[in-house]
Amino acid sequence: MCPRFDSWWHHNEERNLSLNSVEFGDFLFHAVLNMEIIGIKRASRFSPNSGDRDAAILQAVASHLTRSYRHSVHLVDEQELTLSRINATDAIFSMARSRSALEILAEAEHRGIPVFNSAQGLQLLSRRYLKTVCEAHGIAVSTHLPEKGTQDMSGITYPCWLKRDDGCAQQADDVRFITDEETLADALRTFRERGIKEYILEAHQQGDLLKFYGVAGTDFFHCHYPTAQNGFSKFGLESINGKACGFAFDRKLLKQQADRLGEALSVPIYGGDAIIAPDGTCRIIDFNDWPSFSICREEAAQAIARVIHERCTNR
(Lines give C-alpha, C1' and ligand atoms only; values in the text may rest on other atoms or scores of the structure.)
Protein backbone atom coordinates (compact mmCIF):
# COMPACT_ATOMS: atom_id res chain seq x y z
CA MET A 1 0.00 0.00 0.00
CA CYS A 2 2.91 2.31 0.77
CA PRO A 3 6.62 1.77 1.44
CA ARG A 4 6.44 2.52 5.17
CA PHE A 5 3.40 0.23 5.58
CA ASP A 6 5.15 -2.67 3.83
CA SER A 7 8.29 -2.20 5.90
CA TRP A 8 6.37 -2.01 9.17
CA TRP A 9 4.24 -5.04 8.30
CA HIS A 10 7.17 -7.31 7.44
CA HIS A 11 9.08 -6.14 10.51
CA ASN A 12 6.12 -6.90 12.81
CA GLU A 13 4.55 -9.79 10.89
CA GLU A 14 4.39 -12.18 13.81
CA ARG A 15 2.69 -9.58 16.03
CA ASN A 16 0.33 -8.54 13.24
CA LEU A 17 -1.14 -12.03 13.10
CA SER A 18 -2.28 -11.65 16.71
CA LEU A 19 -3.99 -8.26 16.25
CA ASN A 20 -7.76 -8.34 16.65
CA SER A 21 -9.92 -6.57 14.07
CA VAL A 22 -10.31 -3.41 16.16
CA GLU A 23 -6.57 -3.13 16.83
CA PHE A 24 -5.72 -3.78 13.21
CA GLY A 25 -8.31 -1.28 12.01
CA ASP A 26 -6.84 1.34 14.32
CA PHE A 27 -3.32 0.55 13.10
CA LEU A 28 -4.37 0.62 9.45
CA PHE A 29 -6.13 3.96 9.95
CA HIS A 30 -2.98 5.57 11.29
CA ALA A 31 -0.55 3.79 8.94
CA VAL A 32 -2.44 4.75 5.79
CA LEU A 33 -3.64 8.15 6.85
CA ASN A 34 -0.20 9.28 7.88
CA MET A 35 1.72 8.95 4.65
CA GLU A 36 4.90 10.88 3.98
CA ILE A 37 4.17 13.11 0.99
CA ILE A 38 6.44 15.56 -0.81
CA GLY A 39 5.13 18.57 -2.73
CA ILE A 40 7.41 20.03 -5.42
CA LYS A 41 7.33 23.80 -5.97
CA ARG A 42 7.51 25.20 -9.49
CA ALA A 43 10.64 27.18 -10.33
CA SER A 44 10.09 30.87 -10.97
CA ARG A 45 11.10 30.68 -14.64
CA PHE A 46 8.13 28.38 -15.24
CA SER A 47 5.74 30.76 -13.44
CA PRO A 48 5.85 33.97 -15.52
CA ASN A 49 3.84 36.61 -13.67
CA SER A 50 2.28 33.83 -11.57
CA GLY A 51 4.82 32.87 -8.92
CA ASP A 52 2.66 33.80 -5.93
CA ARG A 53 -0.42 32.16 -7.46
CA ASP A 54 1.41 28.90 -8.16
CA ALA A 55 2.86 28.85 -4.65
CA ALA A 56 -0.58 29.47 -3.14
CA ILE A 57 -2.30 26.47 -4.78
CA LEU A 58 0.54 24.14 -3.78
CA GLN A 59 0.36 25.35 -0.18
CA ALA A 60 -3.43 25.01 -0.16
CA VAL A 61 -3.20 21.38 -1.32
CA ALA A 62 -0.57 20.66 1.33
CA SER A 63 -2.82 22.17 4.00
CA HIS A 64 -5.79 20.00 2.98
CA LEU A 65 -3.68 16.84 2.90
CA THR A 66 -2.47 17.65 6.40
CA ARG A 67 -5.72 18.85 7.99
CA SER A 68 -8.29 16.68 6.25
CA TYR A 69 -6.33 13.45 5.74
CA ARG A 70 -3.63 13.61 8.44
CA HIS A 71 -0.72 13.13 6.07
CA SER A 72 2.74 14.56 6.65
CA VAL A 73 3.64 16.94 3.84
CA HIS A 74 6.97 18.62 3.06
CA LEU A 75 7.39 21.17 0.27
CA VAL A 76 10.61 21.20 -1.78
CA ASP A 77 11.88 23.57 -4.49
CA GLU A 78 12.17 21.73 -7.80
CA GLN A 79 15.79 22.84 -8.23
CA GLU A 80 16.64 21.21 -4.89
CA LEU A 81 14.99 17.88 -5.69
CA THR A 82 17.32 14.85 -5.56
CA LEU A 83 16.83 11.09 -5.71
CA SER A 84 17.74 10.83 -2.05
CA ARG A 85 14.79 13.08 -1.13
CA ILE A 86 12.27 10.56 -2.50
CA ASN A 87 13.62 7.38 -0.91
CA ALA A 88 11.27 7.39 2.09
CA THR A 89 8.34 9.03 0.31
CA ASP A 90 4.92 7.45 -0.12
CA ALA A 91 3.59 9.92 -2.71
CA ILE A 92 4.55 13.11 -4.53
CA PHE A 93 2.49 15.99 -5.89
CA SER A 94 4.43 18.24 -8.18
CA MET A 95 4.28 21.46 -10.18
CA ALA A 96 7.87 20.96 -11.43
CA ARG A 97 8.63 21.38 -15.13
CA SER A 98 12.42 21.34 -15.44
CA ARG A 99 13.97 18.43 -17.31
CA SER A 100 16.14 17.42 -14.36
CA ALA A 101 13.23 17.39 -11.92
CA LEU A 102 11.03 15.40 -14.30
CA GLU A 103 13.78 12.81 -14.71
CA ILE A 104 13.96 12.34 -10.95
CA LEU A 105 10.18 12.16 -10.65
CA ALA A 106 10.00 9.66 -13.51
CA GLU A 107 12.47 7.49 -11.58
CA ALA A 108 10.19 7.78 -8.54
CA GLU A 109 7.30 6.51 -10.65
CA HIS A 110 9.50 3.65 -11.89
CA ARG A 111 10.03 2.71 -8.24
CA GLY A 112 6.27 2.61 -7.70
CA ILE A 113 5.81 5.99 -6.01
CA PRO A 114 2.68 7.78 -7.31
CA VAL A 115 3.36 11.24 -8.73
CA PHE A 116 0.65 13.83 -9.42
CA ASN A 117 0.84 14.90 -12.23
CA SER A 118 2.79 12.04 -13.80
CA ALA A 119 6.33 13.04 -14.74
CA GLN A 120 6.30 10.46 -17.52
CA GLY A 121 3.16 12.08 -18.89
CA LEU A 122 4.74 15.53 -18.78
CA GLN A 123 7.84 14.30 -20.58
CA LEU A 124 5.61 13.39 -23.52
CA LEU A 125 3.37 16.44 -23.42
CA SER A 126 3.66 18.88 -26.31
CA ARG A 127 1.23 20.74 -28.54
CA ARG A 128 1.74 18.20 -31.32
CA TYR A 129 1.18 15.30 -28.94
CA LEU A 130 -1.90 17.04 -27.53
CA LYS A 131 -3.37 17.29 -31.03
CA THR A 132 -2.67 13.60 -31.68
CA VAL A 133 -4.34 12.49 -28.43
CA CYS A 134 -7.34 14.78 -28.97
CA GLU A 135 -7.92 13.39 -32.43
CA ALA A 136 -7.57 9.82 -31.15
CA HIS A 137 -10.33 10.51 -28.61
CA GLY A 138 -12.61 12.42 -30.96
CA ILE A 139 -12.06 15.75 -29.20
CA ALA A 140 -12.15 18.91 -31.32
CA VAL A 141 -8.80 20.67 -31.25
CA SER A 142 -7.15 23.64 -32.94
CA THR A 143 -6.02 23.28 -36.54
CA HIS A 144 -2.26 23.17 -37.12
CA LEU A 145 -0.97 24.85 -40.26
CA PRO A 146 1.79 23.33 -42.43
CA GLU A 147 5.22 24.65 -41.50
CA LYS A 148 6.92 25.80 -44.69
CA GLY A 149 10.24 26.73 -43.13
CA THR A 150 11.75 30.14 -42.66
CA GLN A 151 12.19 30.81 -46.39
CA ASP A 152 8.85 29.64 -47.76
CA MET A 153 5.79 31.15 -46.11
CA SER A 154 3.40 30.77 -49.01
CA GLY A 155 -0.01 29.29 -48.38
CA ILE A 156 -0.16 30.24 -44.71
CA THR A 157 -3.50 31.73 -43.71
CA TYR A 158 -3.46 34.82 -41.50
CA PRO A 159 -4.12 35.59 -38.72
CA CYS A 160 -2.59 32.59 -36.97
CA TRP A 161 -0.55 31.74 -33.89
CA LEU A 162 3.10 30.80 -33.54
CA LYS A 163 3.76 28.77 -30.37
CA ARG A 164 6.92 27.18 -29.03
CA ASP A 165 6.57 23.42 -28.67
CA ASP A 166 9.62 22.45 -26.63
CA GLY A 167 8.02 23.31 -23.31
CA CYS A 168 5.50 25.58 -21.66
CA ALA A 169 5.38 29.32 -22.34
CA GLN A 170 7.95 31.04 -20.14
CA GLN A 171 7.68 34.58 -21.52
CA ALA A 172 5.39 36.62 -23.75
CA ASP A 173 7.30 35.92 -26.99
CA ASP A 174 6.78 32.14 -26.62
CA VAL A 175 3.27 32.59 -28.04
CA ARG A 176 2.81 35.15 -30.81
CA PHE A 177 -0.31 36.32 -32.64
CA ILE A 178 0.68 36.52 -36.30
CA THR A 179 -1.14 38.91 -38.62
CA ASP A 180 0.98 38.76 -41.78
CA GLU A 181 4.12 37.36 -43.39
CA GLU A 182 6.34 40.11 -42.01
CA THR A 183 5.18 39.45 -38.43
CA LEU A 184 5.80 35.73 -38.89
CA ALA A 185 9.31 36.30 -40.25
CA ASP A 186 10.14 38.51 -37.26
CA ALA A 187 8.74 35.99 -34.78
CA LEU A 188 10.65 33.09 -36.35
CA ARG A 189 13.84 35.16 -36.28
CA THR A 190 13.31 35.75 -32.55
CA PHE A 191 12.80 32.02 -32.00
CA ARG A 192 16.05 31.23 -33.81
CA GLU A 193 17.95 33.81 -31.77
CA ARG A 194 16.61 32.26 -28.56
CA GLY A 195 17.47 28.73 -29.72
CA ILE A 196 13.85 27.58 -30.02
CA LYS A 197 13.70 24.92 -32.74
CA GLU A 198 10.37 23.25 -31.97
CA TYR A 199 7.25 25.27 -32.73
CA ILE A 200 3.83 25.02 -34.35
CA LEU A 201 1.65 27.30 -36.42
CA GLU A 202 -1.96 27.21 -35.34
CA ALA A 203 -5.01 28.63 -37.12
CA HIS A 204 -6.76 31.46 -35.28
CA GLN A 205 -10.24 30.44 -34.09
CA GLN A 206 -13.05 32.97 -33.94
CA GLY A 207 -15.42 32.71 -30.99
CA ASP A 208 -15.59 33.05 -27.23
CA LEU A 209 -12.35 32.29 -25.41
CA LEU A 210 -13.07 30.13 -22.37
CA LYS A 211 -10.66 29.05 -19.65
CA PHE A 212 -11.41 25.80 -17.83
CA TYR A 213 -9.93 24.02 -14.82
CA GLY A 214 -10.53 20.51 -13.56
CA VAL A 215 -9.37 17.48 -11.62
CA ALA A 216 -10.19 14.23 -13.38
CA GLY A 217 -12.03 11.73 -11.21
CA THR A 218 -13.79 14.41 -9.16
CA ASP A 219 -16.84 16.62 -9.58
CA PHE A 220 -14.69 19.74 -9.66
CA PHE A 221 -14.77 21.74 -12.90
CA HIS A 222 -14.62 25.49 -13.28
CA CYS A 223 -14.77 27.62 -16.40
CA HIS A 224 -14.96 31.35 -17.07
CA TYR A 225 -14.40 34.02 -19.70
CA PRO A 226 -10.98 35.61 -19.04
CA THR A 227 -11.98 38.92 -20.66
CA ALA A 228 -14.88 39.40 -18.24
CA GLN A 229 -14.43 41.54 -15.12
CA ASN A 230 -10.78 42.34 -15.89
CA GLY A 231 -9.66 38.74 -15.36
CA PHE A 232 -5.99 37.91 -14.77
CA SER A 233 -3.80 37.43 -17.84
CA LYS A 234 -0.16 36.31 -17.93
CA PHE A 235 0.65 37.99 -21.23
CA GLY A 236 -2.50 39.87 -22.26
CA LEU A 237 -3.20 37.64 -25.28
CA GLU A 238 -6.73 36.76 -24.19
CA SER A 239 -7.99 40.17 -25.36
CA ILE A 240 -7.34 39.27 -29.01
CA ASN A 241 -10.58 37.27 -29.22
CA GLY A 242 -12.47 40.24 -27.77
CA LYS A 243 -15.32 40.35 -25.31
CA ALA A 244 -17.19 37.06 -25.00
CA CYS A 245 -20.63 36.90 -26.61
CA GLY A 246 -21.80 34.16 -24.27
CA PHE A 247 -22.44 31.50 -26.91
CA ALA A 248 -24.29 28.53 -25.40
CA PHE A 249 -22.25 25.33 -25.04
CA ASP A 250 -22.46 21.94 -23.32
CA ARG A 251 -20.47 22.41 -20.10
CA LYS A 252 -20.97 18.79 -19.05
CA LEU A 253 -19.58 17.53 -22.36
CA LEU A 254 -16.55 19.84 -22.08
CA LYS A 255 -15.80 18.46 -18.62
CA GLN A 256 -16.12 14.88 -19.86
CA GLN A 257 -13.75 15.59 -22.73
CA ALA A 258 -11.26 17.46 -20.55
CA ASP A 259 -11.28 14.71 -17.91
CA ARG A 260 -10.79 12.06 -20.59
CA LEU A 261 -7.94 14.06 -22.09
CA GLY A 262 -6.35 14.57 -18.67
CA GLU A 263 -6.39 10.83 -17.96
CA ALA A 264 -5.08 9.98 -21.44
CA LEU A 265 -2.19 12.43 -20.98
CA SER A 266 -1.60 11.32 -17.35
CA VAL A 267 -2.32 14.93 -16.36
CA PRO A 268 -5.45 14.62 -14.16
CA ILE A 269 -4.82 18.03 -12.55
CA TYR A 270 -5.27 20.36 -15.47
CA GLY A 271 -6.29 23.68 -16.96
CA GLY A 272 -6.88 24.74 -20.52
CA ASP A 273 -8.35 27.09 -23.07
CA ALA A 274 -11.19 26.44 -25.48
CA ILE A 275 -12.89 28.44 -28.19
CA ILE A 276 -16.69 28.34 -28.22
CA ALA A 277 -18.07 28.82 -31.74
CA PRO A 278 -21.47 30.49 -32.36
CA ASP A 279 -23.01 27.04 -32.90
CA GLY A 280 -21.76 25.88 -29.47
CA THR A 281 -18.89 23.75 -30.73
CA CYS A 282 -16.01 23.63 -28.22
CA ARG A 283 -12.50 23.42 -29.65
CA ILE A 284 -9.62 22.95 -27.21
CA ILE A 285 -6.67 25.17 -28.11
CA ASP A 286 -4.48 24.66 -25.04
CA PHE A 287 -4.14 22.12 -22.22
CA ASN A 288 -1.75 22.54 -19.29
CA ASP A 289 -0.60 20.58 -16.30
CA TRP A 290 -1.42 22.02 -12.90
CA PRO A 291 -2.32 25.71 -13.40
CA SER A 292 -2.54 28.14 -10.50
CA PHE A 293 -6.34 27.79 -10.13
CA SER A 294 -6.29 31.31 -8.69
CA ILE A 295 -9.93 32.04 -9.51
CA CYS A 296 -11.12 28.82 -7.81
CA ARG A 297 -8.19 27.94 -5.54
CA GLU A 298 -9.98 26.62 -2.45
CA GLU A 299 -12.37 24.37 -4.35
CA ALA A 300 -9.55 23.09 -6.55
CA ALA A 301 -7.25 22.41 -3.58
CA GLN A 302 -9.92 20.29 -1.90
CA ALA A 303 -10.44 18.26 -5.08
CA ILE A 304 -6.70 17.80 -5.68
CA ALA A 305 -6.06 16.67 -2.10
CA ARG A 306 -8.97 14.26 -2.29
CA VAL A 307 -7.82 12.64 -5.54
CA ILE A 308 -4.24 12.30 -4.22
CA HIS A 309 -5.49 10.70 -1.02
CA GLU A 310 -7.95 8.35 -2.71
CA ARG A 311 -5.63 7.18 -5.46
CA CYS A 312 -2.84 6.49 -2.97
CA THR A 313 -4.96 4.63 -0.44
CA ASN A 314 -6.84 2.60 -3.07
CA ARG A 315 -3.76 1.33 -4.91
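Predicted model: local features only at pLDDT ≥ 70, side-chain atom pairs only at ≥ 80, totals over all residues.

Biologist: Is Lys163 buried or exposed? And what about Glu202, buried or exposed?

Modeller: Lys163 has a relative accessible area of 6%, so Lys163 is buried. Glu202 is at 3% relative accessibility and counts as buried.

Biologist: How many salt bridges are there?

Modeller: The count comes to 17 salt bridges. One of the others joins Asp165 and Arg128, where the closest N and O atoms are 3.1 Å apart. Asp165 sits in the loop between β6 and β7 (175–178) and Arg128 in helix α7 (residues 127–136), so that pair ties together parts 37 residues apart in sequence. Here Asp165 is buried at 10% relative accessibility, whereas Arg128 is partly exposed at 32%.

Biologist: Which residues are linked in a network of salt bridges?

Modeller: Arg42, Asp54, Arg97 and Asp289 are linked that way. Within that group, the side chains of Arg42 and Asp54 meet at 3.4 Å, N to O. Arg42 is in the loop between β1 and α4, and Asp54 is in helix α4, so they tie together parts 12 residues apart in sequence. Arg42 counts as buried at 12% relative accessibility, and Asp54 is buried at 5%.

Biologist: You mentioned α4. Which strands does helix α4 lie across?

Modeller: Helix α4 (residues 51–67) lies across β1 (36–41), β2 and β3, and runs at about 160 degrees to β2. Those strands belong to an open sheet of four, in the order β2-β1-β3-β4, with parallel pairing. Its edge strands are β2 (72–77) and β4.

Biologist: How many bridges join β3 and β4?

Modeller: Two bridges, in the parallel sense. Ile92 has Val115 in β4 as its bridge partner.

Biologist: OK, new topic. Which residues have the most contacts inside the largest nonpolar core?

Modeller: Ile40, Ile92, Leu105, Phe212, Leu261 and Phe287, in a core of 37 residues. Helix α5 (residues 99–110) gives the largest share of this core, six residues. There's also a second, separate core of 29 residues that includes Ile37, Tyr69, Cys296 and Ala303.

Biologist: What is Phe287 in contact with?

Modeller: Setting aside neighbours within four places in sequence, its contacts include Leu125, Leu130, Phe212, Leu261 and Tyr270.

Biologist: And β12, how many of its residues are buried?

Modeller: Six of its eight residues are buried. β12 runs antiparallel to β11, joined by seven bridges, and Asp273 stands opposite Asp286 in β12. The two strands form a hairpin with five residues between them.

Biologist: Which peptide bonds are cis?

Modeller: Among them are Phe116 to Asn117, with omega near -5 degrees, and Tyr158 to Pro159, with omega near 0 degrees. Asn117 is in the loop between β4 (115–116) and α6 (119–124), while Pro159 is in the loop between β5 (144–145) and β6 (160–164).

Terms used: Residues numbered from 1 in each chain as written. Heavy atoms only, no water. Buried < 20%, exposed > 50% of the residue type's maximum accessible area, 1.4 Å probe, protein only. Pairing = 2+ DSSP bridges. Core = buried A, V, L, I, M, F, W, Y, C linked by side-chain atoms within 4.5 Å. Contact = heavy atoms within 4.5 Å. Axes fitted to C-alpha atoms, helices over the stretch in contact; angles between N-to-C directions. Salt bridge = Lys/Arg side-chain N within 4 Å of Asp/Glu carboxyl O.
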